[in-house]
Amino acid sequence: MLNLLLLIASVLTPAAQPMADTSLRQEKLIVERLPDLNLPRFGHNVFYARNELTVVGGHTSGFVRTPTAEYYENGAWHLLTTVYPHDDGMAVVLEDGKRVLLAGGHEKNLGIGQTYEVEIYHPGTHSFEGFGCLDRNRAFSQGVELANGEVVITGNHQGNDAIEIFDGGRALRFVKDVEAWRQVPYILPIGEEEVMVFGNVWREGEFHPCDTVSRLQGTPFCVPLLKDWMPIMNDQNSHCLSSFIGDKAAGDYTYLIAAQNGKGETGFLLVQDTVFTLLPTTCPVPTEWGWGRIRYDRVAVVDRTARRAYLVGSDSTARVYVVAVEYGKTPSPVTFYHSDPLPDFGDVTPVLTPDGNLVVAGGCIDNNFSLLSSVWLLRMSDKPEALMAG
């Protein structure tokens, strides 16, 4: 009778280590709680500017837009006031390192409408300068800088999409319409003056795959693989810089992008110029663990120095997971990191620190009204962490 009870218990109790695949490396995720932001926020951008971790915009508790930013120095977050609120706006750290382009966002609280508003953040003086407006009002847009200093901008919320360019000075101009309206698209340079634009489309309350790839100068083309594999998107940050694994000086424009298919599988798209393939890995990306299904809903972040790509996930028990893929090897080894429950871990895009770790700042868990101010460091590197300036 006792053996029967033990057998029943083993069936009903979820195992802490259910994976039988011996090719999957498993490690405990080391996390550290950092000082909280001054404001809980979501729909914000997080980036490094002049080696300083910075958050800009978003909305705070009550789904109210906040015209603020914060930077981390000497163990604390310092609050700044922006010219405009940028809730679900875009941020592009320019190559000169002295400016950050901030644009668009929602016109009203509760994520309603879009704005034309554009400003420049000067991290050296922690100051903001409003100077112009977008060609059309936008939210959920993305931008990427070209070799000539111009910034390609596209993507929008609720239609009205096109490609426009910021000239690097004070002007923005319309370039062309796009073949498909995309929210938070991927904009990937494939040359000094050419980019590809692709991503999922929003219809009838949900995202759908789109196999059409637009180009800044060339003709659009179709990628059959994108009919089955939808790139994982996130509202915040630039998708280009986080996924680039190539070498621009050598003319190598290669990217690694996390994606999911209709079967519930997760993998990585290897994008080399205009060719899309699936990255071969030593084992499948885990989609379930001992406490249930893992939700991956953030873009992959690449550490080019370590030649690893990181994909962060979570489950209904507030446990956090990181899939690390060594993309420089074929097939690429996979290491799976798992944590204890972290109830204040936000649903936002992670940012790579200068020492090869990940930071997650703010966000939400269930809704846009009750937000988080928590900041977490996920330790992925053995280097001593000099986290931020100061």
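Predicted model: local features only at pLDDT ≥ 70, side-chain atom pairs only at ≥ 80, totals over all residues.

Reader: What makes S15 and strand S16 (residues 172-176) a pair?

Author: Four bridges join S15 to S16, and the cut-off is at least two bridges, so they count as paired. The two strands run antiparallel, and Glu164 stands opposite Phe174 in S16. In their hairpin, with five residues between the strands, Gly168 has a positive phi near 90°.

Reader: How do you know that strand S14 (residues 151-154) and S15 pair?

Author: Three bridges join S14 to S15, and they run antiparallel too. The rule asks for at least two, so this is a pair. Phe166 in S15 is the bridge partner of Val151.

Reader: Why is Leu110 called partly exposed?

Author: Its relative accessible area is 46%. Buried means under 20% and exposed means over 50%, so Leu110 falls in between. Leu110 sits in the loop between strand S10 (100-103) and strand S11 (115-122).

Reader: What makes Leu110, Ile112 and Phe369 a patch?

Author: Nonpolar side chains are joined within 5 Å, given over 30% relative accessible area and no salt bridge. Together the three have about 280 Å² of accessible area.

Reader: Which residues have the most contacts inside the largest nonpolar core?

Author: Val152, Leu188 and Phe276, in a core of 35 residues. The largest share of this core, four residues, comes from S18.

Key: Residues numbered from 1 in each chain as written. Heavy atoms only, no water. Patch = residues over 30% accessible without salt bridge, like charges linked within 9 Å, V, L, I, M, F, W, Y side chains within 5 Å. Areas by Shrake-Rupley, 256 points an atom, 1.4 Å probe, with all protein chains shown as cover. Salt bridge = Lys/Arg side-chain N within 4 Å of Asp/Glu carboxyl O. Buried < 20%, exposed > 50% of the residue type's maximum accessible area, 1.4 Å probe, protein only. Core = buried A, V, L, I, M, F, W, Y, C linked by side-chain atoms within 4.5 Å.
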